[in-house]
Each structure stands twice: as structure tokens, then as C-alpha cells.
Amino acid sequence: MTDKLAQLSELGVSIWLDDVSRARLTSGNLAGLVRDKHVVGVTSNPTIFAKALSNASDYDDQVRELAARGASLDAAVKEITTTDIRNACDLFRDLYTSTGGVDGRVSIEVDPRLAHETDKTVAEALDLWKTVDRPNLLVKIPATEAGIPAITRTLAEGVSVNVTLIFSVERYKAVMDAFLAGLEQAQANGHDIRQLHSVASFFVSRVDTEVDKRLDAIGTDEAKALRGKAAVANARLAYAAFQEAFSGARWERLKAAGAHAQRPLWASTGVKNPDYSPTLYVDELVVADTVNTMPENTLDAVAEHSDLHGDTVTGTAGEAQKVFDDLVAVGIDIDDVFITLENEGVEKFEKSWEELLDSVTEQLAAAGS
């Protein structure tokens with residue numbers, strides 16, 4: 001039987017798990033996925049932490065200790081989440097070393113309530129970097145308008161970054177420009193840019209969810225024929241932009257100094273429409289120098305019945321652009337789609353963060369009573 005996940009890795013796609021929890025760490029589950037499923041990194045977000053904290057007893061001992069110390073809510077949340085991230089970093093340390101820092105990466109997100117505040121985002125990113133204190137950490141910064149300068153300033157301080165919530169190619173180009181500026185400033189500040197790494201998390205499935213909804217509302221045969229095509233086309237155009245950004249003179253100067261390119265990371269690759277193949281956003285986005293961060297059910301689906309047939313991205317930009325031309329022709333407002341998705345993305349993470357705060361508040365109260 002073909003090892004589909006090994007095959008995907010050999011095609012240049014780094015497989016990261018889009019989930020982390022204390023249970024995964026203490027049970028050996030995550031170590032098993034590294035050993036058996038070719039997982040070489042982990043991402044987290046506020047929704048993942050909220051879920052982990054809401055229905056598990058794994059945090060009880062730490063919560064009791066925090067309550068006994070009289071820790072504030074924010075301090076408790078920070079200590080709980082960074083403990084998981086630090087332990088995950090330690091689990092991946094050998095992979096980090098063996099891949100020269102490319103993989104073996106673990107991500108933690110800045111407080112999503114800061115998504116529209118540049119200075120506070122930078123301050124929190126630097127604080128998380130110092131608190132976790134592991135070289136294989138990536139601090140996640142959202143690609144909002146306020147987040148773009150925060151990316152540059154954080155990298156300039158020698159901190160590796162995972163840029164999240166990227167939906168449009170236009171915003172992705174701004175992210176890559178911010179990354180290059182960050183490397184240039186880090187170099188000017190005396191940091192060893194060979195130690196700086198970054199990924200750009202380009203969201204996939206949510207694009208189809210939003211566009212398909214609008215296509216259904218239009219209701220014509222031409223519109224319905226475009227369902228399920230926007231997300232893959234968008235990501236393929238993003239990869240073409242990546243190739244362009246990391247081929248010019250500006251990049252070559254940085255590369256000569258040992259810089260690493262900011263890899264595209266396909267995020268939100270769990271398929272939400274049951275009519276589509278559960279491996280759609282893996283099979284159609286196979287290309288070297290990328291990361292695909294998957295929920296475990298997608299990871300299992302790929303292992304069982306992924307249809308891998310080599311590079312499915314290089315040279316597809318023309319075809320992908322035609323999909324977008326057709327979407328505009330049937331009446332889809334593409335700019336509005338991306339604005340809606342960014343706003344919803346920030347709001348969902350803010351809501352999850354509030355749920356996380358509520359859960360820890362209840363647990364602290366119970367532990368202290």
C-alpha cells in the first residue's frame with residue numbers, strides 16, 4: 001500500500017497538524033503522528049485552544065496551581081497556552097535541527113483582539129517569543145492592515161513569524177513585501193537573518209464557502225458551474241505571486257546573506273462541503289516549498305485515499321485567472337468576498353478567545369472554591 005503522506009512529503013509539501021492540546025502532548029498522540037504520519041510541525045489558533053480548554057481535565061493541576069497563586073485571568077491564559085506551545089516546541093526540536101529550522105515549527109497566535117492595533121501586536125509578539133523561549137517558535141500575526149507593519153517590525157527584532165488570515169493575492173503580496181522589509185531591517189539591526197523563518201498562511205476552504213454561497217444566490221447555470229473552483233484557483237494565483245516575489249534582485253541580495261524564503265502555507269484545508277472530495281485542498285495544491293496544515297481528519301483522509309499525481313500548481317496561473325474572470329462575469333464581487341472573509345476571520349478568533357477566557361475564568365473559580 002502506497003504511503004500517501006510520505007509521497008506528499010517527497011513532493012515538497014511539509015505536513016503540519018492544525019491542532020495542539022495538552023492531551024495530544026501527554027498521551028503520545030502527537031509524537032505518534034510525527035512518527036507514523038510524517039507530521040513535521042503544528043499550528044494553533046484561538047479556536048483550537050478554546051476547544052482544548054473547554055472539555056478536558058488535562059489542565060486541572062495547572063489551573064489549581066494558578067488559582068492558588070492568585071494569578072490574573074490574562075496571566076493564567078498566557079501560562080496555560082504557552083506551556084502547551086513550549087512542550088510542543090520541545091517535541092519537535094530534533095526535527096527543527098535536522099531540517100535546518102525549516103520544519104519542526106510550532107505556532108502561537110497573538111491575542112486576536114489586537115488585530116487592528118499595530119503597536120500592541122508587536123509588543124505581544126515579542127512577549128510571546130520571550131515567554132516561550134524556544135527557537136522553533138513562530139508567532140502568528142494576522143494579515144490585517146494593522147498587521148502588515150507589525151510583521152516587519154517583529155521580524156526586525158529577530159523573531160520568526162507565521163502570518164495568518166491571508167485571503168487575497170493582493171494582501172499576500174503586501175505580506176511578502178513586509179517580510180522582505182523585515183529581513184532587511186533585521187539585517188540592519190545586526191540579527192543573523194539565517195535564523196529567521198516565516199510562513200504565510202493563505203486560507204483556502206473558507207473562500208469556497210463564501211463564494212459558493214454567493215454563486216447559489218445568483219442561481220444561473222453559469223454560476224453553479226463555478227462552485228468549488230474559487231479556493232484552489234486563488235491559492236494557485238498566490239503561488240505564482242510567491243514565485244515572482246522570490247525571484248527578483250531584492251530577494252537575491254537577501255538570499256546571498258543566507259535568508260530563507262517565506263513559504264506559502266495552505267491553511268483551512270479541511271473540506272467543509274460534503275459534496276467535495278475530503279482531500280480536495282491537498283491534492284490540488286501539491287507543489288514544492290509549501291506547507292499544508294491539516295486537521296487530523298483531513299490528514300487521515302489523505303493517508304487513506306488521496307489522489308496524488310505530482311505538482312498540481314506550477315504553470316496553472318492562467319487557468320486560475322480564468323476562473324476569477326468567470327466569477328466576475330457572473331456577478332461575484334471578489335473584493336467584497338475577501339473583505340468579508342477577513343472580517344469574519346478576525347471576529348471568529350475574537351469570539352474563540354472570549355470563550356477561552358470564559359472557560360479559564362470558570363476553572364479558576366472552581367479551583368479556588
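Arg35 is a residue of helix α3. In this predicted model, Arg35 counts as exposed because its relative accessibility is 62%, above the 50% cut-off.

- Thr97 belongs to helix α7, which covers residues 93-98.
- With a relative accessibility of 55%, Thr97 is classed as exposed.
- Between the C-alpha atoms of Thr97 and Ile334 there is a separation of 42 Å, and the two residues stand 237 residues apart along the chain.

**The barrel**

- A barrel is closed by 8 strands, taken in the order β1-β2-β3-β4-β5-β6-β7-β8, with parallel pairing.
- On average, and with direction ignored, neighbouring strands of this sheet are turned by 30° against each other.
- Helix α9 (residues 147-156) packs on the sheet, where it touches β4 and β5 (161-166). The direction of α9 makes about 155° with that of β4.

**Strand β4 and its partner β3**

- Strands β3 (residues 105-109) and β4 run parallel and are joined by 4 bridges.
- Ser107 has Leu138 of β4 as its bridge partner, and Ile108 stands opposite Val139 in β4.
- Strand β4 (residues 137-142) is mostly covered, with 6 of its 6 residues buried.
- In a regular strand, side chains alternate between the two faces of the sheet.
- In β4, Leu137, Val139 and Ile141 point one way, while Leu138, Lys140 and Pro142 point the other way; all of them are buried.

**Helices α6 and α18**

- Two packed helices are described by the angle between their axes and the distance between the axes.
- The axes of α6 (residues 73-91) and α18 (residues 334-368) cross at roughly 100° and come within 10 Å.
- On the α6 side the contact is formed by Leu73, Asp74, Ala76, Val77, Ile80 and Thr81, which meet Trp353, Leu356, Leu357, Val360, Thr361 and Leu364 of α18.
- By type, the residues of the contact between α6 and α18 are 9 nonpolar, 2 polar and 1 charged.
- Ser352 is also placed in α18. Ser352 counts as buried because its relative accessible area is 6%, under the 20% cut-off.
- Apart from neighbours within four places in sequence, Ser352 is in contact with Pro46, Thr47 and Ala50.

**The nonpolar core**

- In soluble globular proteins, nonpolar side chains tend to be buried together.
- Which residues touch the most other members of the largest nonpolar core? Among its 120 residues, these are Leu8, Ile85, Tyr172, Val175 and Leu327.
- Helix α18 contributes the largest share of this core, 11 residues.
- When neighbours within four places in sequence are left aside, the contacts of Leu8 are Val13, Ile15, Val282, Val286, Met294, Val302 and Leu308.

**Helix α16**

- Helix α16 (residues 296-305) has buried residues at Thr298, Leu299, Ala301, Val302 and Ala303.
- The helices against which the buried residues of α16 pack include α1 (4-10), α3 (29-36) and α15 (280-283).
- The buried residues of α16 also pack against strands β1 (13-17), β2 (39-42) and β8 (290-294).

Conventions
Residues numbered from 1 in each chain as written. Predicted model: local features only at pLDDT ≥ 70, side-chain atom pairs only at ≥ 80, totals over all residues. Heavy atoms only, no water. Helix = DSSP H or I, 4+ residues; strand = E, 2+ residues; numbered from the N terminus. Buried < 20%, exposed > 50% of the residue type's maximum accessible area, 1.4 Å probe, protein only. Axes fitted to C-alpha atoms, helices over the stretch in contact; angles between N-to-C directions. Contact = heavy atoms within 4.5 Å. Nonpolar A, V, L, I, M, F, W, Y, C, P; charged D, E, K, R; others polar. Core = buried A, V, L, I, M, F, W, Y, C linked by side-chain atoms within 4.5 Å. Pairing = 2+ DSSP bridges.
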